[in-house]
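Visitor: I am new to this structure and would like to learn how to read its features. Could we go through them one at a time?

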Amino acid sequence: MIRKLSLVLAFCWYPVFVQAGDVHAILSGDSLATQRVITALESQLPVQLVPTRYDQHWQSKIGPDDLVLAIGSKASQAVAAARLPQPVIYTFSEQQTLPATQTGSWAAVVLDQPLSRLLPVAASLSKTEYRQDIVVAVSSDNTQTIKALRAVKDFPLKIVEVAADEAAGKVVEPYLYNAVALVAVRDKAIWSGNSAKWLLHQAYNFKVPVVGYSQTFLKAGALVSVYATLEQTIAETAELLNYWIEYEVLPKRGVYYPAYQTDVNPSIARALKINPANILRLQGQAHAGQLDP
Amino acid sequence: MLVNSIRNQLFITTLAPLLLVTLLVSAFLLLESLQEVEDQLDERGNDIAAQAVSMSEFYFFTGDMEKLSEIADLLVKIDGLVFIRFINSQNQLIIEKHKALKGTSKTFVVPIFSQHTEVDDFPELSGDLPAEAPLGIIEIGLSSFGQDTKKREVYWRVLLVAIIAAVLALLLAYISSHNMTRALTSLMSTARDMKLKRFSKRCAENGSGELRELQSIFNEMAQSLEKNEQALQRRIETATRSLHNTVKELSEKNRLLAIQRRETIELERSKAISDERARIMKDMHDGIGGQIVASLAMIEKEPDSAAKQNIAATLTECLDDFRLIINSLNANANSLTDLLADFKYRHQRKLNQLNIELQWQVEDSADNYPLQPQQSLNVLRILQEAFTNIYKHANANRISFQARSVPHGFALIVEDSGQNFCLQSTPFGQGMKNMHWRADQLGAVLMLDKSATGGCRITLLLPQPL
């Protein structure tokens, strides 16, 4: 009796299975944060994810009609390297780690914040006679970002390229005398570990506010940060997945920036003697997610 | 001794837990305070170490010895800091600064790690977490001299608190025990009075609640006890008086009984004497008396002659005297009247022969004067000696005899009308002595003097009859 009932139910749900296929979640790790992301995504999807670590045999499990969801940088790199024919969604990825040339159907919900969000915030800070430059440090091999920075014409940018064997703090130091802000763009060589630490240290010593791209930046000593929360990133990812589940295709190939928000560290603001009105204005800046192709 | 008193017992019972609690609290306070002092030292040491870490971390990272030395010079100036040592990750001492301070020091060892600044929100999702790298060790020595001073202050403070607490506990315990035992002490004092039979004492009703009720009941009991005691005393007094009277009566009866016993013994002895006298009297009467009567009868039959007359007269006197002796041996008491009547009868013929007038006066009260046989014999012998002396020496023609009662006795008075021979001592020496001796035997007084007619007067004052 149970077997008959199972057959009937399978027959009824056959079109759904045929249309959507499975969603394979390739994970960068087994951390609690990863589990939280999966749970949150499944709560917003009509299907269950099939999770597999990036360093396990995940490719053999993927069918032709399936979707691959790469979560985290390592998983994104592994999936990108596989050059799958199936559609791929990268989430919680860094734009820098994605291959410059990708074929097939793909979409990426990145942790990066576009310059269009960061630079206006930096520009809104009060300028003085000697402090008018918006300094951006970037590693010299991050050509994609350098190219994007050089394309910016509306803001007084000072692009500081840091070679691989140089200390970012030391290279940036001369530019800080005339800087109104130091804008952090996602670049592992510059904004990670001790390099990030001593950059923030130098900026603080020179009383230069730092504009960061994550909530953690605020805790590390940035004045203001433009970032997407976990929920906002998950929501953006879930929207792409639901689109694929419904239409079997991804909406558009490219990078998606989730909705974001802007927060200020009041302690740093007080220390840097930032005008409270400016703080309120900075805190009020939050925009809906936008597509940056 | 100390715990005999209820107040002391309660005092100790109340004080002991208070002192114990005080001791425990003081010990706890002391330990806490000492721990706090230690914690302060640890906290200060950790703060200085954290400050040292914060100041030197970058220079440990870059290996800038000049900056590290400057930092060490700066830090060693901190008050209480004895030394500071910087040791690199290869465990080599790279910087060491000292300062001379009194007392011992406590060393704080703090490892320094290269702590990366994380600027990513979701590093767990990317799967590559940065690891901490050891940069070296900072050792600082903090002088505990200040802590030793603080510890001494803590000791004194806790000691002061403990003393104050103990004194307060003592005071509290004393007041408490005093208030609680005041009523009991009053009861105890009154109970002791009751024990000493001071039943009029009452307990002061100074308690409260049940104790006051107990005091009231105790007073009622004491009042009842006092009444009972008084009633008992009255009954004892009555019984004592009654017993005293009974004893007195018994003593009187015993005395009377003793008298009766003595009289009985005397009677028995008198009876024995009387019986013996009767036997002797009978033997003498039947023997000697019969012989004298027979001799007298034989003489009477002889022809009349002077010798016959003399022998007959002698025998007659012997017979009279013998009769007198027999009479004296009579067990029955003779009255003085009978004795005197017999004496008069036996001397009547002699008086007639000598032609002497006898004036005889005997009061009737002589009937009431009893005489024992021996007394009768003594009286008769005295009278007989007096009459014989008158016959022989007075040459009197009249003899006056009086027997009358006098105060304290009875008087027998013999007076003659002849010569006053009483004052002539020689003729009657032995006879007079015998008269006096017999008077002494009688307990009487014998007096000799001159009569109104010039003759002799002999007075025998007999005592009151026994």
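Visitor: Is Asp193(B) buried or exposed?

Guide: First, a caution: this is a predicted model. Asp193(B) counts as buried because its relative accessibility is 13%, and buried means under 20%.

Visitor: Which side chain does Asp193(B) meet in a salt bridge?

Guide: The general idea comes first. Side chains of opposite charge can pair when their charged atoms come close. In this case the partner of Asp193(B) is Arg198(B), at 3.1 Å from N to O. Arg198(B) is partly exposed, with a relative accessible area of 42%.

Visitor: How many salt bridges are there over all chains?

Guide: A search of the whole structure gives 23. One of chain A joins Asp55(A) and Arg53(A), with 2.8 Å from N to O. Asp55(A) is partly exposed, at 45% relative accessible area.

Visitor: Where do Asp283(B) and Arg279(B) lie?

Guide: Both are in helix α5 of chain B, which covers residues 210–301. They are 4 residues apart, about one turn of the helix.

Visitor: Which residues are linked in a network of salt bridges?

Guide: Glu94(A), Arg186(A) and Lys188(A) are linked with Asp120(B) in such a network.

Visitor: Let us turn to rings. How many aromatic pairs are there over all chains?

Guide: Two rings count as a pair if their centres lie within 6.5 Å, and planes over 60 degrees apart make the pair edge-to-face. By this rule there are 11 aromatic pairs over all chains. One of them is formed by Trp191(A) and Phe217(A), with 5.2 Å centre to centre and 65° between the planes, so the pair is edge-to-face. This pair links distant parts of the chain, 26 residues apart: Trp191(A) is in the loop between β8 (179–183) and α7 (193–205) of chain A, and Phe217(A) is in helix α8 (residues 215–220) of chain A. Trp191(A) is buried at 1% relative accessibility, and Phe217(A) is buried at 0%.

Visitor: Which residues do ring pairs link into a cluster?

Guide: The cluster consists of Trp191(A), Tyr213(A) and Phe217(A). The C-alpha atom of Tyr213(A) is separated by 6.6 Å from that of Ala184(A), although the two residues are 29 apart along the chain. Ala184(A) lies in the loop between β8 and α7 of chain A and is buried, with a relative accessible area of 0%.

Visitor: What kind of aromatic pair do Phe387(B) and Tyr391(B) form?

Guide: The pair is edge-to-face, with 6.2 Å centre to centre and 75° between the planes. Both residues are in helix α8 (residues 373–394) of chain B, 4 residues apart. Phe387(B) and Tyr391(B) are both buried.

Visitor: Now the surface. Which residues gather in a patch of negative charge?

Guide: They are Glu32(B), Glu36(B), Asp39(B), Glu43(B) and Asp47(B). Asp47(B) is in helix α1 (residues 6–62) of chain B and is partly exposed, at 46% relative accessible area.

Visitor: Which residues make the nonpolar surface patch of about 590 Å²?

Guide: Leu160(B), Ile164(B), Leu168(B), Leu171(B), Tyr174(B) and Ile175(B) make that patch. Tyr174(B) belongs to helix α4 (residues 145–195) of chain B. At 43% relative accessibility, Tyr174(B) is partly exposed.

Methods
Residues are numbered from 1 along each chain as its sequence is written. Chains are lettered from A and ligands numbered from 1 in the order in which they are written. This is a predicted model: local features need pLDDT of at least 70, side-chain atom pairs count only at pLDDT 80 or more; totals for chains, interfaces and linings use all residues. Side-chain values use heavy atoms; hydrogens and water are left out. Patches are made of residues with over 30% relative accessible area and no salt bridge: like charges are joined within 9 Å, nonpolar side chains (Val, Leu, Ile, Met, Phe, Trp, Tyr) within 5 Å. Accessible areas come from the Shrake-Rupley method with a 1.4 Å probe; for residues, only the protein chains shown count as cover. A salt bridge is a side-chain nitrogen of Lys or Arg within 4 Å of a carboxyl oxygen of Asp or Glu. Lys and Arg count as positive and Asp and Glu as negative; His and the chain ends are not counted. The place of a charge is taken as NZ of Lys, CZ of Arg, CG of Asp or CD of Glu. Helices (H or I, at least four residues) and strands (E, at least two) are DSSP runs, numbered from the N terminus. Buried means under 20% relative accessible area, exposed over 50%, partly exposed in between (1.4 Å probe, protein chains only). Rings of Phe, Tyr and Trp (its six-membered ring) pair if their centres lie within 6.5 Å; planes under 30 degrees apart count as stacked, over 60 as edge-to-face and the rest as tilted.
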